[in-house]
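This report describes the strands, cores and selected residues of one protein model. Please keep the sequence and the 3D view open while reading.

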Amino acid sequence: MPYALGYTTSSSGHRSYKILRRYYSQNDKKVLGEIYEFTSDSWRVLDASFPLLGYSVNRNGVCLKGDAYFVAPRDKVNDAFLITKFDFTTETLVRLPLPFQNLHPWDKAFLSVVRDEKIALLHVWRYCLVQHTCVVNF
């Protein structure tokens with residue numbers, strides 16, 4: 001069950017921190033989400049379910065400017081890896097393409113934040129010690 005920390009910012013600049021929890025409901029046969037709000041000290045179920053998209057989300061996400069980013073191991077529709085972004089302000093999940101599409105399902109990909117401005121992606125090929133690093137601005 002992946003978790004993500006993020007926040008929304010009010011017009012006065014105050015940050016309201018939240019936790020996203022995603023899980024697959026066997027009964028409903030869909031991915032559901034819940035938000036924990038620190039200000040109210042409570043969980044609430046999101047109105048809409050998350051799209052299945054044919055993949056599971058990597059548990060190692062990062063937070064950049066209040067939004068959570070995850071590497072999705074494989075998009076079965078397009079047969080490509082991608083990054084998913086959860087926007088805590090609109091409470092929506094967005095698919096973001098990677099700058100390269102040659103990842104294999106057994107490859108490893110890790111995200112990191114660079115100077116609180118950009119996302120760095122480390123890609124490790126499965127059969128060798130070759131690594132590819134890319135910095136993207138979302």
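## Basis

The model is predicted.

## The four-stranded sheet

Four strands form an open sheet in the order β1-β2-β3-β4, and their pairing is antiparallel. At the edges are β1 (3-9) and β4 (42-45), each of which pairs on one side only. On average, and with direction ignored, neighbouring strands of this sheet are turned by 30 degrees against each other.

Within the sheet, strand β2 (residues 15-25) and strand β3 (residues 30-37) run antiparallel and are joined by eight bridges. Ile19 has Tyr36 in β3 as its bridge partner.

## Glu34 in strand β3

Glu34 belongs to strand β3. Its relative accessibility is 13%, so Glu34 counts as buried, the cut-off for buried being under 20%. A polar contact of 2.3 Å links the side chain of Glu34 to the side chain of Arg21.

With neighbours within four places in sequence left aside, the contacts of Glu34 are Ile19, Leu20, Arg21, Tyr23, Trp43, Arg44, Val45 and Leu46.

## The largest nonpolar core

The largest nonpolar core has 11 residues: Val62, Leu64, Tyr69, Val71, Ile83, Leu96, Leu98, Ala109, Leu111, Ile119 and Leu121. Two or more of its residues come from each of β5 (62-64), β6 (67-75), β9 (108-114) and β10 (118-124).

Leu64 is one of the core residues. Apart from neighbours within four places in sequence, Leu64 is in contact with Tyr69, Val113, Asp116, Glu117, Lys118 and Ile119. Among these, Tyr69 and Ile119 are also listed in the core.

## The second core and Ala68

A second, separate core consists of nine residues, including Leu46, Ala68, Phe70 and Phe86. Ala68 is located in strand β6. Ala68 counts as buried because its relative accessibility is 1%.

What is Ala68 in contact with, leaving aside its neighbours within four places in sequence? The partners are Ala4, Leu5, Val62, Cys63, Thr84, Lys85, Phe86 and Phe88. Phe86 is also named in the second core, while Val62 is listed in the largest core.

Ala68 and Ile19 are 49 residues apart along the chain, and their C-alpha atoms are separated by 9.7 Å.

Note on methods
Residues numbered from 1 in each chain as written. Predicted model: local features only at pLDDT ≥ 70, side-chain atom pairs only at ≥ 80, totals over all residues. Heavy atoms only, no water. Core = buried A, V, L, I, M, F, W, Y, C linked by side-chain atoms within 4.5 Å. Buried < 20%, exposed > 50% of the residue type's maximum accessible area, 1.4 Å probe, protein only. Contact = heavy atoms within 4.5 Å. Pairing = 2+ DSSP bridges. Axes fitted to C-alpha atoms, helices over the stretch in contact; angles between N-to-C directions. Polar contact = N/O pair within 3.5 Å; in protein donor to acceptor, adjacent residues only side chain to side chain.
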